[in-house]
Amino acid sequence: MTEDRATDPALQGSHWYDAEAGPLVRPYAMTGGRTEPGPGGARFDFIALVDLAEDAPGGAEESLLGPEHRALVALCRLETQSVAELSAGADLPVGVVRVLLGDLLESGYVKVSRPVPPAQLPDERILKEVIEGLRAL
């Protein structure tokens, strides 16, 4: 038997609780009110690739992290992912993920790499010539 919010004295006046979803945490609470990813000034584009650092701190130190930080570390452990993929996988707003990744980067848990910009990729014509040359062998 469940009581609804209007009759349950424990839930009256509690605007942060939703009967179906459970307790809700506002995004600014997850980041401590911060909107920028740390003092290092790291920039996390949607397509920046995030991977677990080889020398990431171990399990004891990881247990000191918050649940959102641990979720991101667990996702990075699976495979290299973009900031957008991490946001979707952790079901967190991208702005929150950027701040949390800044914390993880400064703590040595993750490393961030930028994909090669399209302007620096080889010309498509050159690639086609190489493929044709290999086929001719």
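I looked up Glu124 and found this residue exposed, with a relative accessible area of 52%, where exposed means over 50%, buried under 20% and partly exposed in between, using a 1.4 Å probe and protein chains only. I note that this is a predicted model, in which local features need pLDDT of at least 70 and side-chain atom pairs count only at pLDDT 80 or more, while totals for chains, interfaces and linings use all residues. Residues are numbered from 1 along each chain as its sequence is written, and side-chain values use heavy atoms, with hydrogens and water left out.

I then searched the whole structure for salt bridges (a side-chain nitrogen of Lys or Arg within 4 Å of a carboxyl oxygen of Asp or Glu) and found 3. Glu124 pairs with Lys128, their closest N and O atoms being 3.3 Å apart; both lie in helix H6, 4 residues apart, about one turn of the helix. I give helices (H or I, at least four residues) and strands (E, at least two) as DSSP runs, numbered from the N terminus. Lys128 is partly exposed, at 46% relative accessibility.

Also in helix H6, I found Arg125 and Glu129 4 residues apart, forming a salt bridge with closest N and O atoms 3.3 Å apart; Glu129 is partly exposed at 47% relative accessibility.

I looked next at Lys111, which bridges to Glu54 with closest N and O atoms 2.7 Å apart. This pair links distant parts of the chain, 57 residues apart, with Lys111 in strand S5 (residues 110-113) and Glu54 in the loop between strand S3 (49-52) and helix H2 (59-62). Lys111 is partly exposed at 33% relative accessibility, whereas Glu54 is exposed at 67%.
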